[in-house]
Structure formats: C-alpha cells, structure tokens
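The sequence and the structure come first, and the text follows.

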Amino acid sequence: SFCNDPFSLIIQHSRLKRCTFKYIKYKNLQARAICLIFFGSLGLSTTAQVKQDTGSFSEVDSFALSVKYKNDYILLSKELTAPYYDDTRKLRSIFKWITANIEYDYRFINSGKEINEPECSDKIDCSLIQQDWENRYIKRILKTRKAVADGYCRLFKKLCELNNIQCEMISGYARTKAYQVGNPMSVNHCWNAVMIDTNWYYTDV
C-alpha cells in the first residue's frame with residue numbers, strides 16, 4: 001500500500017469534512033508530489049505549482065446538488081457531467097454529488113461486518129461474477145444512500161469510468177490516532193487515483 005510510503009498522507013478519516021476535495025499529485029503511484037486542495041464552498045487552491053484553471057467550483061457544486069438519482073447510475077453519470085468538457089469539473093461534479101447524497105454507514109462499520117466480495121477465482125466466468133456483484137453493490141449504495149470507504153471508492157470509480165476518466169482504487173491505512181503510526185494494522189480505508197490530463201491525483205471521497 002502507498003500508505004507505507006513516508007511521503008504519503010495519513011488522512012483524518014471523518015465524513016464531517018466532506019466539503020473538502022483533496023488531490024495529491026503523484027507519478028507512478030508514488031505519493032511524492034504536490035498537495036492540491038480544493039475547498040468545497042470557496043474553490044481555493046493551496047498550491048501555485050499545478051497549473052490548472054479550476055476557477056470557482058460554486059457553479060459546479062450548485063449544479064451537482066440539483067441532479068436527482070433516477071434509479072439508473074449510468075444516467076446519473078451522464079447528467080452530472082453533461083455541462084462540462086474538462087475532466088476537472090466532471091470529477092468535481094461527481095465528487096460533490098456523492099459527498100452530498102451518500103451518508104457514511106456508521107452502523108455497518110461499527111457492527112464489525114466486512115464487505116463480502118464473491119470468491120470465484122477458480123471459476124472461468126469470475127470477472128462476470130464480480131462485475132454483477134459490483135453492479136448490485138453500487139445500486140444498493142444508491143438506494144440506501146449509505147456506504148463505507150469501499151463503497152465510496154467503487155461508486156466514484158464507476159461514475160468516472162462511465163465518463164471515460166481513468167480511475168483506480170487503492171486500499172490502505174487511515175491512521176487517525178498517534179499510537180497507530182508505525183504499528184501494524186489491518187487495511188481500513190480506500191482512496192481513488194484519477195488521471196487528469198497526463199497527471200495522476202489521489203482523491204479521498
């Protein structure tokens with residue numbers, strides 16, 4: 001996991017901070033570059049190094065909040081990005097909609113349960129089985145409006161891919177307490193990596 005890299009972020013895992021859109025520029029999946037943070041309501045960038053004309057996201061945010069889910073995530077992906085030609089605003093719209101409409105599932109995470117992906121490595125049609133499971137999983141997230149880190153990652157990835165934006169899921173460790181740093185622990189978080197122009201960025205939905 002990239003979280004073992006000394007240059008990586010230890011992210012405070014809190015759904016109360018959903019208004020923040022976080023990027024970390026990286027190459028070859030190494031978190032060794034510039035932190036670029038877009039604040040949801042202000043649209044301000046903390047870096048002068050990455051030259052992207054992001055402008056204010058207030059218009060994008062307002063539009064994303066007006067989009068209603070109509071029991072079709074393919075349609076949702078298109079409606080969220082229809083007004084925009086650049087990937088940055090498409091990603092912002094997807095990000096804003098998810099964080100405004102999907103609640104963190106504290107009950108599930110506190111129950112100690114885990115996401116049960118299908119175990120089918122010994123079957124010829126395993127990829128189809130996994131794809132069917134993921135489609136049902138995403139539909140359930142959108143129906144219940146609740147998810148944990150894995151669900152946020154999968155939903156974000158799916159909506160990106162439907163817009164031809166390259167996106168990957170990266171599992172790792174969210175260490176939120178000082179004593180956890182340097183100590184072994186189980187994987188407990190998931191990030192996405194997206195390609196914008198020719199650069200990769202980490203995102204934490």
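Lys158 has a relative accessible area of 13% and therefore counts as buried (buried means under 20% relative accessible area, exposed over 50%, partly exposed in between, with a 1.4 Å probe and protein chains only). The model is predicted: local features need pLDDT of at least 70, side-chain atom pairs count only at pLDDT 80 or more, and totals for chains, interfaces and linings use all residues. Residues are numbered from 1 along each chain as its sequence is written, and side-chain values use heavy atoms, with hydrogens and water left out.

Lys158 forms a salt bridge with Glu134, with 4.0 Å between the closest N and O atoms; the term stands for a side-chain nitrogen of Lys or Arg within 4 Å of a carboxyl oxygen of Asp or Glu. This pair links distant parts of the chain, since Glu134 lies in helix α5 (residues 126-144) and Lys158 in helix α6, 24 residues apart. Helices (H or I, at least four residues) and strands (E, at least two) are DSSP runs, numbered from the N terminus.

Glu161 counts as partly exposed because its relative accessibility is 35%. Salt bridges with shared partners join Glu117, Glu134, Asp150, Arg154 and Lys158 into one network.

| Salt bridge | N to O distance |
|---|---|
| Glu134 and Lys158 | 4.0 Å |
| Asp150 and Arg154 | 2.7 Å |
| Lys157 and Glu161 | 2.4 Å |

Which residues of α6 make the contact with α3? The axes of helix α3 (residues 87-101) and helix α6 (residues 149-161) come within 10 Å and cross at roughly 145°. Axes are lines fitted to C-alpha atoms, for helices over the stretch in contact, and angles run from 0 to 180 degrees between N-to-C directions. On the α6 side the contact is made by Tyr152, Leu155, Phe156, Leu159 and Cys160, and on the α3 side by Leu91, Ile94, Phe95 and Ile98 (contact means heavy atoms within 4.5 Å).

The structure also holds four aromatic pairs. Rings of Phe, Tyr and Trp (its six-membered ring) pair if their centres lie within 6.5 Å; planes under 30 degrees apart count as stacked, over 60 as edge-to-face and the rest as tilted. Tyr104 and Tyr106 are edge-to-face, because their planes stand at 65°, with the ring centres 4.8 Å apart. Tyr104 is buried at a relative accessible area of 7%, whereas Tyr106 is partly exposed at 43% relative accessibility. Trp133 and Tyr137 have planes at 20° and centres 4.9 Å apart, so this pair is stacked. Both of these residues are buried, and they lie four residues apart in helix α5, about one turn of the helix. Tyr152 belongs with Tyr104 and Tyr106 to one aromatic cluster, and Tyr152 is also one of the α6 residues in the contact with α3.

For the chain as a whole, the secondary structure comes to six helices and seven strands. Of its 205 residues, 45% count as buried.
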